[in-house]
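Student: I am new to this structure and would like to look closely at a single part of it. Could you take me through the sheet and what lies around it, step by step?

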Amino acid sequence: VDATKIPYVALPEEIAERGGAHLGDFAFVLNLRNGKSSFAIYADTGTLGEGSVALAATLGISSNARDGGESDGVLYIFFPGSGNMKPRSIGEIQSEGERLLSDSAGLRSCISMVGSS
């Protein structure tokens with residue numbers, strides 16, 4: 001998965017297993033500080049909160065390897081079992097993410113309220 005083009009997140013293996021997330025599953029990521037959001041896929045194992053350069057750019061977060069990133073203020077919502085364990089195009093991530101989020105109407109209302117505060 002090209003980190004400069006595809007918005008993706010990484011999770012520690014034990015957290016992914018506990019939550020039932022598999023590589024390729026979809027996620028919704030919200031920067032609580034500025035209200036910017038992005039759909040993404042779970043594409044790597046690593047540190048909790050780690051994401052691709054493309055995801056950081058969409059969320060308005062510096063992607064500089066030395067001093068970029070955010071440790072607080074980012075909300076991750078995963079949709080376990082939603083993927084096919086394969087890379088996806090940006091278009092597929094967006095359309096499938098929108099479908100999953102719209103199927104979660106109560107969740108969408110909560111996100112709407114968080115984004116407007």
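This is a predicted model: local features need pLDDT of at least 70, side-chain atom pairs count only at pLDDT 80 or more; totals for chains, interfaces and linings use all residues.

Tutor: Strand β2, which covers residues 26-31, is joined to β4 by six bridges, and the two strands run antiparallel. Within this pairing, A27 has F78 of β4 as its bridge partner. As background, strands of a sheet pair through hydrogen bonds of the backbone, in either a parallel or an antiparallel way.

Widening the view, the sheet is an open one made of four strands, whose order is β1-β3-β2-β4 and whose pairing is mixed. The edges are taken by β1 (8-11) and β4, each of which has a single partner strand, so one side of each is left without a neighbour in the sheet. From one strand to the next, the twist averages 40°. Helix α3 packs on this sheet, where it touches β2, β3 (37-45) and β4, and its direction makes about 110° with that of β3.

Between β4 (74-79) and α3 (90-102) runs a loop, and R88 is found in that loop. Leaving aside neighbours within four places in sequence, R88 is in contact with I6, F26, I41, G83 and I93. The side chain of R88 also makes a polar contact of 3.3 Å with the side chain of N84. R88 is buried yet has no salt bridge, for the nearest side chain of opposite charge, that of E92, is 4.4 Å away, and a salt bridge requires the nitrogen and the carboxyl oxygen to be within 4 Å.

R99 and E96 are three residues apart in helix α3, and so are separated by about one helical turn. R99 forms a further salt bridge with D103, where the closest N and O atoms are 2.8 Å apart. R99 counts as partly exposed at 39% relative accessibility, whereas D103, at 54%, counts as exposed.

A search of the whole structure finds three salt bridges, and one of them links K5 with D2, the closest N and O atoms being 3.8 Å apart. K5 is exposed, with a relative accessible area of 54%, while D2 counts as partly exposed at 35%.

How values were computed
Residues are numbered from 1 along each chain as its sequence is written. Side-chain values use heavy atoms; hydrogens and water are left out. Buried means under 20% relative accessible area, exposed over 50%, partly exposed in between (1.4 Å probe, protein chains only). Lys and Arg count as positive and Asp and Glu as negative; His and the chain ends are not counted. A polar contact is a pair of N or O atoms within 3.5 Å; within protein, one must be able to donate a hydrogen and the other to accept it, and residues adjacent in sequence count only if both atoms are side-chain atoms. Contact means heavy atoms within 4.5 Å. Two strands pair if DSSP finds at least two bridges between them. Axes are lines fitted to C-alpha atoms, for helices over the stretch in contact, and angles run from 0 to 180 degrees between N-to-C directions.
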